[in-house]
Amino acid sequence: MLGPLLRAGIEVIPDAVPASAVPHVLGYERDRIFGGFFVEYEDPRLVERLNEGWYDLALSCGLLDGNREFLLMLPSGTRTAARARRLRHRMPVWHRVRLRERWDLMGAGAASFLGIRSGHPGFAMLALDNSVWLLADTYESGVGVYAVRDPARSPGVLRELERLAGEDVYRDPVFRREVTAWLERGRQR
């Protein structure tokens, strides 16, 4: 797993995911979206524009901390994002990562773990403090990247996490335990 990520310009920091990290983001309200962009597949500079747009958005929304670190959701094990989508039997998990000086998330990254192929990304990122969630995904005519504010405080996200804790929709008992524990910690605050 590390080789393709290093080629994409991502360095994994082992065993460093904050316990406060929201386990999954699903069901957020549209008014929480506060930034984003779309690039059509026919754009001759597709990968370049996606990388530039992602970096500008990541900086402006506060995804990256002072050390260029953030959380990246990767498929569990060594599956690619495309294979994980087909299998759907285990949830992806957060990994703490650092953006290296030279990187190519939308080209080399999307061609490995972070998408389907170059210029066709499929990944989610979270600021270390849960303040922003960033999604890059493929659509019928192009790629959309957008930022969601405070996903851990979103009533919709919390409802979805409650549902995931109550139903084992992904048939992943480890993920279900993590969601339940995270929700319990939030109730105790």
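In which loop does arginine 68 lie?

Author: Arginine 68 lies in the loop between α2 (46-61) and β3 (69-74); helices (H or I, at least four residues) and strands (E, at least two) are DSSP runs, numbered from the N terminus. The model is predicted, so local features need pLDDT of at least 70 and side-chain atom pairs count only at pLDDT 80 or more, while totals for chains, interfaces and linings use all residues. Residues are numbered from 1 along each chain as its sequence is written, and side-chain values use heavy atoms, with hydrogens and water left out.

Arginine 68 is buried yet has no salt bridge. Buried means under 20% relative accessible area, exposed means over 50%, and partly exposed lies in between (1.4 Å probe, protein chains only). A salt bridge is a side-chain nitrogen of Lys or Arg within 4 Å of a carboxyl oxygen of Asp or Glu. The nearest side chain of opposite charge to arginine 68 is glutamate 101, 4.2 Å away; Lys and Arg count as positive and Asp and Glu as negative, with His and the chain ends not counted.

The side chain of arginine 68 does make a polar contact of 3.4 Å with the side chain of tyrosine 55. A polar contact is a pair of N or O atoms within 3.5 Å; within protein, one must be able to donate a hydrogen and the other to accept it, and residues adjacent in sequence count only if both atoms are side-chain atoms. Not counting residues up to four places away in sequence, arginine 68 touches Tyr55, Val97, Arg98, Leu99, Arg100, Glu101 and Trp103, where contact means heavy atoms within 4.5 Å.

One of these partners, Arg98, does have a salt bridge: arginine 98 pairs with glutamate 11, their closest N and O atoms being 3.2 Å apart. This pair links distant parts of the chain, with glutamate 11 in strand β1 (residues 10-13) and arginine 98 in strand β4, 87 residues apart. Glutamate 11 counts as partly exposed because its relative accessibility is 31%, and arginine 98 counts as partly exposed at 25%.

The search of the whole structure finds 10 salt bridges. Among them, arginine 49 meets aspartate 43 at 3.2 Å, N to O, and arginine 49 is partly exposed, with a relative accessible area of 36%. Another joins the side chains of glutamate 52 and arginine 45 at 3.7 Å, N to O. Glutamate 52 is partly exposed at 39% relative accessible area, as is arginine 45 at 32%. Salt bridges that share partners join Glu11, Glu69, Arg96 and Arg98 into one network.

Helix α2, on one side of the loop that holds arginine 68, also contains asparagine 51. Asparagine 51 is buried, because its relative accessible area is 11%. The side chain of asparagine 51 reaches the backbone nitrogen of leucine 105 at 3.3 Å. Not counting residues up to four places away in sequence, asparagine 51 touches Trp103, Asp104, Leu105, Met106 and Gly107.

The nonpolar interior may be considered next. A nonpolar core is a set of buried Ala, Val, Leu, Ile, Met, Phe, Trp, Tyr and Cys residues joined through side-chain atoms within 4.5 Å. The largest such core has 29 residues, and those with the most contacts inside it are Trp54, Leu63, Phe70, Leu72, Met125 and Leu134. At least two residues of this core come from each of α2, β3, β4 (93-99), α4 (105-109), β7 (123-126), β8 (132-138) and β9 (142-149). The largest share, six residues, comes from α2. A second, separate core of 22 residues includes Met73, Leu126, Phe175 and Leu183.

Alanine 165 lies in helix α5 (residues 155-166) and counts as buried because its relative accessibility is 15%. The C-alpha atoms of alanine 165 and glutamate 178, 13 residues apart along the chain, are separated by 8.7 Å.

For the protein chain as a whole, the secondary structure comes to six helices and nine strands. Buried residues make up 48% of its 189 residues.
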